[in-house]
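This briefing is meant to be read with the sequence and the three-dimensional model side by side.

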Amino acid sequence: MSDSAAVPAASLNLGRLFPLYTAQALATGAVNVSTILAALVVGNLGFESLVGLPSTLISLSAALSAGLFGALMLSRGRRLGLALAFTVGAVGAGLGFAGARAGLLPVFLLGAALMGAAQGGYQQARYAVAESVPESRRGTALGALMLMSVLGSFLMTGFSHPIERAAASLGTTAEIFGWLLGGVLLAVAAGLMGLWRPLRAPGAAAARLPLRQAFALPGVRGTALALAAAQGLMVTLMSLTPHRAHEMGMDHAGIAALISGHILGMFGFGWLTGPLIDRMGVRPGYVTGALLLSAAALSAPLPGHTWLAVSMFLLGLGWNLVNVSGSKEMARFPAAQGVTDGLGYVAAGAGTLLGGVVIARSGFPALAYVCAALSLLPLLSAWRAGHRRGQSH
């Protein structure tokens with residue numbers, strides 16, 4: 001399953017990436033119907049004090065696996081690494097379903113950990129996409145990947161009522177059945193990797209640069225800071241807001257709609273944000289994304305379900321802008337990609353774990369205000385990007 005020989009990137013078109021786009025869409029749908037609602041599964045099993053633990057395990061497992069999958073993809077090719085990641089996710093989803101249905105929390109958490117390990121690998125598909133197009137069009141290609149992801153997510157949330165009926169026929173809840181469905185989607189995604197013919201990134205020799213030297217390159221640390229901060233803040237609020245909504249009286253369909261708005265913000269505007277970042281540069285992406293993340297955090301504690309929906313949408317859109325900007329930049333530094341993703345997952349795991357503690361001691365608003373302050377970190381990345389550009393002239 002080795003990657004094919006290098007071909008000039010300018011000869012490519014997005015249609016060539018369709019199997020990869022489709023696999024990523026299925027993976028997003030799998031996450032939407034399983035891991036995002038993991039806190040509800042744990043709560044329904046009677047472990048209210050541990051509702052943040054699944055997200056923490058997912059993030060920490062992804063952090064540990066991201067560097068390993070990154071190294072595997074650099075040495076053996078993107079296709080093998082991505083196929084293995086999707087397969088691990090399918091196994092994890094199956095274990096999560098079995099553990100949740102049987103009421104066995106350790107088995108469910110093991111499944112969650114494997115799902116996290118899979119995410120550490122298949123989220124690097126965006127670098128495979130970026131490598132396959134000219135640098136001037138990488139934002140557009142990444143935006144198209146995000147658009148496919150939102151289609152996969154909406155397919156799942158749009159079928160929330162059939163999912164509930166299917167779950168009832170198996171004598172379980174929609175949240176638990178979502179893990180079984182997620183496993184099926186990830187298995188199909190793994191199969192699609194056999195239809196994708198990737199290309200080696202131009203300048204593959206740079207991918208073998210030692211990690212310390214890679215992070216010493218101009219631009220790497222600022223880019224890593226933006227990606228890690230946005231990932232950590234987004235996952236923290238995304239994971240803990242549905243539990244707050246549940247406590248406010250939202251039913252499964254209402255929470256699914258809330259998540260749909262969040263996914264729309266994350267992926268639905270990639271067709272617009274990607275080309276804009278190609279045209280205007282990464283600095284406006286960092287600045288606008290940081291401001292939107294802060295607005296999302298500040299609106300989350302406001303009373304009423306409407307503000308929760310606004311918060312989740314802004315959270316997704318702010319993450320989108322920072323992620324597309326940072327991913328476009330990080331595509332130039334293959335040796336640092338896996339570790340950078342790992343840092344993002346560490347931030348996410350720490351955020352969800354500490355966030356649960358903050359909520360228990362000081363309430364949800366306190367967590368939101370801390371997140372609002374931290375969401376301004378990408379502004380430092382924007383400054384460093386501008387300073388680097390100024391030095392190059």
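R78 and E131 are both buried, where buried stands for under 20% relative accessible area, exposed for over 50% and partly exposed for the range in between, with a 1.4 Å probe and protein chains only. The model is a predicted one, in which local features need pLDDT of at least 70 and side-chain atom pairs count only at pLDDT 80 or more, while totals for chains, interfaces and linings use all residues. Residues are numbered from 1 along each chain as its sequence is written, and side-chain values use heavy atoms, with hydrogens and water left out.

**Salt bridges**

- Across the whole structure, 5 salt bridges are found, each being a side-chain nitrogen of Lys or Arg within 4 Å of a carboxyl oxygen of Asp or Glu.
- R126 counts as buried because its relative accessible area is 11%, and D341 does so because its relative accessibility is 6%.
- D278 pairs with K328 in a further salt bridge, the closest N and O atoms lying 2.7 Å apart. Because D278 is in helix 13 (residues 270-280) and K328 in helix 15, the pair ties together parts that are 50 residues apart in sequence.
- Both partners are buried, D278 with a relative accessible area of 19% and K328 at 12% relative accessibility.

**The faces of helix 13**

- The buried residues in helix 13 include G270, T273, G274, I277 and D278. Viewed down the helix axis, the buried residues of helix 13 fall within an arc of 135°, and therefore line one face of the helix; the arc is that of the directions from the helix axis to the C-beta atoms.
- An α-helix has 3.6 residues a turn, so residues three or four places apart point the same way.
- W271 and R279 are exposed on the other side of helix 13.
- Just after helix 13 comes G281, which takes a positive phi of about 100°.

**Surroundings of L109**

- L109 is located in helix 5 (residues 105-122) and is classed as buried because its relative accessibility is 13%.
- When neighbours within four places in sequence are set aside, L109 is in contact with L53, P54 and L57, contact being defined as heavy atoms within 4.5 Å.
- The C-alpha atoms of L109 and S55 are separated by 9.6 Å, although these residues are 54 residues apart along the chain.

- The structure holds 3 cavities of 30 Å³ or more. On a 1 Å grid over the protein atoms alone, a cavity is a set of points where a 1.4 Å probe fits but cannot get out, a pocket is an open set with protein on both sides within 12 Å along at least five of seven lines, and lining residues have an atom within 4 Å of a point.
- The largest cavity has a volume of about 640 Å³, a volume being the space filled by probe spheres set on grid points that are joined across faces, edges and corners.
- Its lining comprises 35 residues, and Q119, Q123, Q231, M234 and W319 lie nearest the centre of the largest cavity. Helix 11 gives the most to this lining, with 7 residues.
- By class, the lining of the largest cavity has 19 nonpolar, 14 polar and 2 charged residues, with Ala, Val, Leu, Ile, Met, Phe, Trp, Tyr, Cys and Pro counted as nonpolar, Asp, Glu, Lys and Arg as charged, and the others, Gly among them, as polar.
- The largest pocket holds about 360 Å³ of space. It is lined by 17 residues, of which E48, S49, V51, G52 and G356 are the closest to its centre.
- Helix 16 supplies the largest share of the lining of the largest pocket, 6 residues, and that lining divides into 9 nonpolar, 5 polar and 3 charged residues.

Key. Helices (H or I, at least four residues) and strands (E, at least two) are DSSP runs, numbered from the N terminus.
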